[in-house]
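I wanted a record of how the chains are built and where they touch. These are my notes from going through the coordinates.

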Amino acid sequence: MGKLAYILIVKIIIEVYVMLKKIFEKLIPDKKTSTNNGIENEIKTPNTNGISNNVQKNKEILQSKFKNSIDVIFYEFETISGIKAIAVYVEEIVKKEVLDRDVINPFILKSNDNEVTKSVNFETLKKFFPVTNLKEINGFAEAITSIINGDTIILIDGLSFATSISCRGWEKRSIEEPASETVIRGPKEGFIESININRCLIRRKIKNENLVFLNMVIGRQTRTQVNIAYIEGIVSADVLMEVKNRLSNIDIDSILDVGNLEEYIEDSHISPISTVGNTQKPDIVAAKILEGRVAILCDGSPHVLTVPHLFVETIQSSEDYYNRPYIATGLRIIRFVALILSIVFPAFYVSLESFHQTMIPSVFLITMAGASLGTPFPAFLEALLMIVAFEFLKESGTRMPKAIGSAISIVGALVLGDAAVKAGIVSADLIVVIAFTAVATFIVPALNEMVSLYRLILLCLSGLMGIYGMTAGVFVMIIHASSLRSFGIPYLSPIAPVNAQGLKDFIVRFPLWSMKDRPNFISDSNRKRR
Amino acid sequence: MKDLFFKKIFLIIVIILAILFSTGCWNRRELSEIGIIGAAAIDAEADKIKLTYEVITPKRLDTKSGDEAPASYFQSEGETIFEASRNSTLKLNKKLFWSHANVFYFNEMSAKDGLLTYLDFFNRGHESRGYVNIAIAKGESAYKIIGIGGLKGEVPSSYVEAVFENSAVNGKAASIKIVDFLKTYYEEGIEPVVGAIQTIKRNETELKMPTDKKEEYMPLVEGLAVFKEDILVGFFDGIQTRGFNFARDKIKSGIIVSASPDGRGVNSIEIIKSSGKLNVQIKDGEYYCTVKIEINGMLNEETGKEDISNLEAITKIENNTSENIKNEIKSSIKKAQEYKTDIFGFGQSIHKKYPAKWKIIKNDWNDIFSTLEIKVEVKTNIEKVGVSNEQLSAKEQK
Amino acid sequence: MPKLEKISAIQLISMILINRFLFGFSFMPTVTISPANQDAWVADILSGVMVLLFAIPLLIMASKFPNMGFNEYFQVILGTFIGKVVCFIYSLYLVFITLLTVIFLSDFLLSAVLPETPMYAILLFMLIPCMYASYKGLECIARSSIIISTFIIFSIVLYVMLNFNNMDFEVFHPILLDSTLSQIAFGSFNNAARFSDCFLFFLFLTHVDKTETYTVTKIFIILVVTFTLMNTVLTVATQSVLGVGLAKILRYPYFTSIQQINLFSIIQRIEFFNVIGWIVIFFFKICSTILAAAIIMAQVFKVKSYKPFVIPMNIIIALSVLLTSISHYAIFKTIITDYAYLVIFTMNFIIPTIVLAVYIFRRKALEKYNV
């Protein structure tokens with residue numbers, strides 16, 4: 001190519017760059033520029049002028065606040081001495097028997113004189129309600145929050161404050177083994193959607209006064225409760241401060257699941273590797289907190305986030321610590337090898353078959369050549385098709401109703417594979433490779449997203465340039481993974497930077513009696529485990 | 001800063017994809033485009049090279065292809081090996097792929113010309129491997145040897161390669177690979193050898209039997225082609241080859257036939273372990289060369305009548321065996337001295353022990369070697385005699 | 001640089017170790033140039049000693065200026081203007097080394113692995129990952145070096161073990177009696193003089209975490225011992241498999257010796273580990289050398305961050321490979337075998353000696369910079 005062609009290429013590159021820049025500025029808005037939009041939709045903060053003496057007026061105000069929604073019940077009753085009172089609660093969030101029997105009934109019976117109206121402060125009112133967890137409510141905002149969270153508000157005529165009683169009892173799932181994290185040995189409890197129960201599950205694992213839960217409310221519309229859990233004295237102060245900062249910077253309409261939180265607090269938004277871990281089992285969370293990490297719970301979500309999250313944790317499973325070291329080490333090695341294989345194997349196979357037939361043992365080459373005799377596609381396209389077909393199968397398997405699910409998937413996969421080979425569309429060798437890759441993908445489910453993306457990229461690169469392209473891709477992936485930090489801690493600790501204590505738990509799990517120190521790459525305080 | 005970098009990366013990716021996808025992938029060859037060579041026969045004629053090669057047909061998965069021939073044969077000519085290989089594309093629909101070849105045959109003329117000129121392609125090309133067997137076709141053109149042998153459905157070159165590997169159990173042949181040849185060629189004080197192969201006609205009985213392949217000829221892997229530098233000077237037959245293998249410590253197994261103690265029968269000793277050493281000493285300008293062999297054997301067959309379960313008889317058998325081995329080695333040394341090439345490596349031992357002297361006699365060593373008197377000492381230990389105490393033919397005595 | 005990135009001593013050692021594997025994996029000077037007979041391993045061991053000797057001036061100066069990279073104390077010793085000029089020349093020298101490395105890798109790929117690919121495609125795939133890695137910075141490269149060096153040492157051990165059948169240690173007799181001392185000395189000088197990564201070591205020394213107990217000399221000695229050992233293992237393995245004469249004429253002796261593995265007729269042709277390792281070593285050397293060159297350049301021109309220099313340097317390298325004929329076989333071979341080691345030796349030893357002499361001369365005036 002002449003020198004003129006090079007000058008032309010440079011000119012074209014500059015023009016394309018300018019054009020793409022303009023397109024980019026329209027397409028990718030900055031994430032943090034939308035703070036102003038939230039304010040317009042904000043619910044007008046109600047008049048905090050306090051609760052008035054007149055119970056009817058209070059009722060009208062509250063009804064208008066709740067926009068006459070039918071599930072907010074305003075129950076009017078009178079005490080024996082004729083004092084009007086209204087109980088406001090949300091149906092089905094409140095346990096009706098407790099409300100009737102333990103709150104309303106004794107109040108009606110006990111308040112048979114005018115002492116009720118005479119008692120102008122909350123302390124004396126307390127003796128009329130023989131329950132624990134009474135709270136004094138002084139403003140409408142607090143009242144609304146209280147009602148939404150499941151408490152019952154008692155408004156009494158003549159008193160300018162309200163009482164809130166917590167007798168929550170909505171229907172929730174029972175504690176069962178989570179479907180996605182099954183173990184053979186070890187506790188089988190899993191978190192459920194109620195944050196109180198989740199907190200209680202963790203608290204029962206770590207019976208320690210240093211275990212602290214902090215509360216935050218995030219989300220303008222959903223006002224979800226988010227809790228931070230850590231052990232004072234073990235946790236690293238930097239990580240804790242960072243978590244608090246990032247959570248309080250979130251300005252968003254809705255938090256429906258802890259996954260929404262994850263996207264806002266993670267370190268690198270464009271990296272396919274996730275630096276925030278999640279789990280559904282309390283014993284795993286307890287173990288991570290004990291090593292100095294911070295756990296984030298979210299109301300309405302059975303998953304709990306743990307930060308910081310390192311690469312080592314993706315190949316660890318809780319069973320490794322409940323079994324003996326030999327089998328734990330064996331399984332870890334299998335997981336590690338499976339992880340590497342599931343990323344690299346299709347790309348490697350395609351590059352060997354299309355570019356470097358000299359690197360295949362002779363025995364295989366003749367059968368491979370025979371297997372791909374009638375197939376029309378080049379090896380790279382075949383592999384791409386099979387991977388896409390596999391993703392189809394996976395996705396449809398999750399969405400199918402359980403009754404049809406297993407039958408169709410088995411028959412479909414078997415018949416599809418077999419018929420495709422007989423029809424000469426794909427070669428049998430490739431199906432074995434892709435099936436093996438598929439099986440290996442599910443061994444490390446935490447990295448599913450990264451594995452699928454990387455697999456595809458490596459396949460394309462190796463289809464272009466053989467083993468050279470694949471190595472270039474692997475090099476970029478290693479560099480990218482070692483540049484990540486999870487809340488300040490390098491993602492690839494303890495391998496790089498090397499940490500002798502941490503290496504005792506990497507691929508070979510040393511016996512528990514030999515792991516005397518907590519891993520010091522997470523938290524430097526209080527290193528000794530014993 | 002982060003966004004700018006992100007945009008730059010995207011731009012770069014777009015450019016890469018645009019360039020690479022628009023021009024296609026070089027160097028990609030599908031498996032259906034390559035013709036895998038199993039064996040090649042290189043016949044050097046007066047002014048050109050004739051190349052005959054065997055292209056392996058890929059094995060189909062469905063069974064109805066059992067009638068297909070496992071390999072097909074083509075021939076092409078050119079001035080060099082690579083040109084001949086590229087000229088084959090004038091006739092063949094695939095491009096030749098040299099990497100998986102099992103064995104190369106050369107005819108005598110190419111070996112007499114200097115084998116290295118033909119091996120340069122295999123050394124320099126990026127596809128070839130060094131562990132391919134090479135063989136010199138004795139007495140005929142190489143293309144007559146390629147393609148015979150093997151059962152139905154079996155590729156002939158892998159059949160011949162397996163026969164070459166068999167040389168480890170009989171000792172009468174040698175399986176020399178390209179890297180071995182080049183290694184001995186570059187080594188000082190030793191001359192290279194290459195295995196020899198010839199065809200042998202099946203006899204009438206074999207032809208009448210119901211076999212899968214009714215070919216008239218079969219390959220016979222026996223003997224050795226002896227070189228001086230890289231030029232062929234002669235051949236050894238089976239017994240002399242075994243003598244050579246004893247001296248070079250390459251025997252892994254084999255059968256020695258020797259006379260029974262009473263002289264009325266023969267017995268066969270199986271070699272379990274053999275070790276050979278060369279020893280050279282220079283005293284007062286005289287060379288004292290010895291070949292020391294020590295063998296552990298097992299008596300496997302005995303047809304004499306005398307009782308062999310006493311120490312005396314065993315010792316006699318041992319001595320007879322040693323004598324036979326000694327004669328084999330002596331005959332091979334004599335033949336090598338006739339050809340005036342030191343294939344045993346006595347020069348190598350001198351180079352290692354007396355490097356100063358070696359520098360002086362380096363160039364005339366082959367001639368000096370042909371005049372030397374070389375002593376051979378063999379020691380046989382027969383420790384086991386199998387599972388029978390007496391031989392079956394001993395009953396006649398009683 | 002605004003924030004000093006911290007790496008640990010092990011990471012530094014493994015970074016330079018990977019770079020040094022380059023010669024063992026590709027052409028081995030002691031096997032192919034001199035002494036090129038069975039005493040190559042002696043020359044290898046001797047070259048380790050020579051590397052230690054040649055680095056003495058730099059080691060002395062590094063211990064006197066513990067908080068500065070070599071570019072900084074060159075400027076202090078020689079005066080600002082001359083120091084900046086010298087550092088600029090060093091930066092260009094490092095770019096030149098990268099250019100040689102790029103040509104070397106493309107040479108290997110075009111000869112042995114992918115013969116028909118045009119040069120610009122190879123360069124594209126080579127320079128873009130390396131630009132990305134240089135952008136990410138020193139910490140990143142140092143962390144990934146541990147993973148890479150583990151992989152490479154593992155692959156070397158694997159291959160040596162699998163190749164054990166083919167090894168014939170008799171080729172090493174007679175020891176030391178065939179070659180003259182001048183041959184061996186020249187061979188080890190040739191090998192030792194190619195230690196172009198010396199400067200990466202001394203540049204990144206300031207980033208090493210000071211809380212660990214270390215001395216510069218100790219780290220350097222560990223580094224030199226490790227790579228001398230590994231290179232000797234590679235030489236011994238290659239020569240015992242291929243024989244001395246054959247190894248001399250080959251361009252990539254270790255690679256060819258790997259190709260001879262043939263166990264049980266199924267474990268054969270497994271050199272893909274070696275090819276992957278080879279490519280990764282070259283990438284690593286390119287990105288770390290460009291990073292060092294960019295850091296020196298940024299410090300010379302008083303720019304805050306080295307990142308703007310990375311892309312232009314890579315473009316210069318790409319253009320010079322494509323437009324000039326430096327990648328032509330004959331020209332490249334002459335440069336590598338005849339001139340490269342002299343250039344590297346000058347920059348490694350002669351110029352630091354001069355600087356050391358100047359330092360001793362001006363010692364009184366520079367007292368305030370000492371420990």
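Entry 1. I am working from a predicted model. Every value I note here is computed from that model.

**Entry 2. Chain C as a whole.** I looked up the secondary structure of chain C and found 16 helices and two strands. Its radius of gyration is 21 Å, close to the 21 Å that the globule rule gives for 371 residues, so chain C is as compact as a globular protein of that length. I also took the box along the principal axes: the C-alpha atoms of chain C fill roughly 65 × 45 × 40 Å.

**Entry 3. Chain A as a whole.** For chain A I noted 21 helices and twelve strands. Its radius of gyration is 31 Å, whereas a compact globule of 530 residues would have one near 24 Å. The box for the C-alpha atoms of chain A, again along the principal axes, is roughly 100 × 60 × 50 Å.

**Entry 4. Chain C against chain A.** How many residues does each chain give to this contact? I found 26 from chain C and 25 from chain A. On the chain C side, the elements that each supply at least two residues are α1 (9-25), α6, α7, α8 (138-162) and α14 (272-300). The largest share comes from α14(C), with six residues. By class, the chain C side holds 18 nonpolar, four polar and four charged residues.

**Entry 5. Chain C against chain B.** Here 22 residues of chain C are in contact with 17 residues of chain B. I checked which elements of chain C give two or more residues to its side, and they are α6 (80-113), α7 (119-136) and α12 (244-249). That side of chain C divides into twelve nonpolar, eight polar and two charged residues.

**Entry 6. Helices α3 and α11 of chain C.** I looked at α3 (residues 40-54) and α11 (residues 216-242) of chain C, whose axes come within 9 Å and cross at roughly 165°. That angle makes α3(C) roughly antiparallel to α11(C). The crossing of α3(C) and α11(C) is right-handed. From α3(C) I listed contact residues including W41(C), D44(C), I45(C), G48(C) and L52(C), and from α11(C) V224(C), T228(C), N231(C), T235(C) and Q239(C) are among them. The contact of α3(C) with α11(C) has eight nonpolar, seven polar and one charged residues.

**Entry 7. Helices α1 and α8 of chain C.** The axes of α1(C) and α8(C) are 8 Å apart and the helices pack at an angle of about 55°. This makes α1(C) oblique to α8(C). Is the crossing of α1(C) and α8(C) left-handed or right-handed? It is left-handed. The contact residues include L12(C), M15(C), I18(C) and F21(C) in α1(C), with I141(C), S145(C), I148(C) and I152(C) among those in α8(C). I counted by class as well: the contact of α1(C) with α8(C) has eleven nonpolar, four polar and one charged residues.

**Entry 8. A sheet in chain A.** I traced an open sheet of five strands in chain A, in the order β6-β7-β9-β10-β8, with antiparallel pairing. β6 (211-218) and β8 (277-279) of chain A stand at the edges with a single partner strand each, so one side of each has no neighbour in the sheet. Neighbouring strands are turned by 25° against each other on average, direction ignored. Four bridges join β7 (residues 224-231) to β9 (residues 294-298) of chain A, and A229(A) has A295(A) in β9(A) as its bridge partner. Helix α8 (residues 195-205) of chain A lies across β6, β7, β9 and β10 (304-307) of chain A, running at about 10° to β7(A).

**Entry 9. A sheet in chain B.** In chain B I found an open sheet of four strands, ordered β10-β11-β12-β13, with mixed pairing. The edge strands are β10 (255-259) and β13 (374-384) of chain B, each pairing on one side only. On average, direction ignored, neighbouring strands are turned by 40° against each other. I found 16 bridges between β11 (residues 266-283) and β12 (residues 286-302) of chain B, which run antiparallel. N267(B) has E302(B) in β12(B) as its bridge partner.

**Entry 10. Helices over the chain B sheet.** Which strands does α10 of chain B lie across? Helix α10 (residues 311-339) of chain B lies across β10, β11, β12 and β13 of chain B, at about 145° to β13(B). Helix α11 (residues 346-353) of chain B lies across β11 and β12 of chain B, at about 45° to β11(B).

Note on methods. Residues numbered from 1 in each chain as written. Chains lettered and ligands numbered in written order. Predicted model: local features only at pLDDT ≥ 70, side-chain atom pairs only at ≥ 80, totals over all residues. Axes fitted to C-alpha atoms, helices over the stretch in contact; angles between N-to-C directions. Parallel < 35°, antiparallel > 145°, perpendicular 65-115°, else oblique. Left-handed = near helix turned anticlockwise from the far one by under 90°. Contact = placed C-beta atoms within 7 Å. Nonpolar A, V, L, I, M, F, W, Y, C, P; charged D, E, K, R; others polar. Pairing = 2+ DSSP bridges. Rg over C-alpha atoms; globule rule 2.2 N^0.38 Å.
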